[in-house]
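My notes follow in the order I took them.

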Amino acid sequence: MRRLILVLGVVLLASGCNLEKAAQTQTVNLNQEKITKEEKALLERLKKDKLLKAIECPSREELTNFDENNSTKSLLSWVFKLKKGNLGAKKICITQEGDPVTEYIIVENDKIKIVLDSSEDRFGTTDVEVYNPIQINRGYFEEDDKNSKTFKISELQLPEGKEIFIQYELPNGEKRYF
């Protein structure tokens, strides 16, 4: 608990990426032919931001940074819940064809920005989408007897050995996990 408070205190002092001016709309689709200067600047700033924590993308093998991933995701949810401080993280996953798809989550006090960048996915949509979800939940997946997975929200103690996920809801009602 002391470690969490200490780390959280450090995070609350750190400044994150300010996206308020760069993304005023709920969703921005940045087709490569139609990308504006502001949209390109937003993406370039995110790509260069050294303050963003890296989340390891789940793969077929076990996660190597399990504890690090859980720590960063916990901090993201606490910064949002406490409505103080700024923190950002990114997760780069590689498609089957070898193209990077990056997801950014930026928490600034009580505001959240999600940026999904598939601009380098040659066989995908090649878009960048920016969302303003109204809440995030921290939790984990529990598998039942029928091999079905259920997301369980848990703001306090998690079962030992479980991976933390951040659940956020898009404006269309779809729930996604970081």
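Which residues do ring pairs link into a cluster? I worked on a predicted model. I found Phe141, Phe151, Phe165 and Tyr177 joined by ring pairs. The structure holds 4 aromatic pairs.

I looked up two of these pairs in detail. Phenylalanine 141 and phenylalanine 165 are edge-to-face, at 5.1 Å centre to centre with 75° between the planes. They lie 24 residues apart in the chain, phenylalanine 141 in strand 6 and phenylalanine 165 in strand 8. Phenylalanine 141 and tyrosine 177 also form an edge-to-face pair, with centres 5.0 Å apart and planes at 65°. Here the pair links strand 6 to strand 9, across 36 residues.

Next I checked accessibility. Phenylalanine 165 is buried at 17% relative accessible area, because buried means under 20%. Phenylalanine 141 at 24% is partly exposed, and so is tyrosine 177 at 28%.

I noted an open sheet of 4 strands in the order 7-6-8-9, with antiparallel pairing. Strand 7 (149–153) and strand 9 (175–177) are at the edges; each has a single partner strand, so one side of each lacks a neighbour in the sheet. The twist averages 40° from one strand to the next. Strand 6 (residues 136–143) pairs with strand 7 over 5 bridges, in the antiparallel sense. Phenylalanine 141 faces phenylalanine 151 of strand 7 across this pairing.

I also noted that helix 3 (residues 66–82) lies across strand 6 and strand 8 (165–169), at about 140° to strand 6.

Last, I looked for charges over rings. The charged end of lysine 83 sits over the ring of phenylalanine 80, 5.3 Å from its centre. Lysine 91 lies over the face of phenylalanine 178, 5.2 Å from the ring centre.

Key:
Residues numbered from 1 in each chain as written. Predicted model: local features only at pLDDT ≥ 70, side-chain atom pairs only at ≥ 80, totals over all residues. Heavy atoms only, no water. Pairing = 2+ DSSP bridges. Helix = DSSP H or I, 4+ residues; strand = E, 2+ residues; numbered from the N terminus. Axes fitted to C-alpha atoms, helices over the stretch in contact; angles between N-to-C directions. Contact = heavy atoms within 4.5 Å. Phe/Tyr/Trp six-rings, centres within 6.5 Å; stacked < 30°, edge-to-face > 60°. Buried < 20%, exposed > 50% of the residue type's maximum accessible area, 1.4 Å probe, protein only. Lys NZ or Arg CZ within 6 Å of the ring centre and 35° of its normal.
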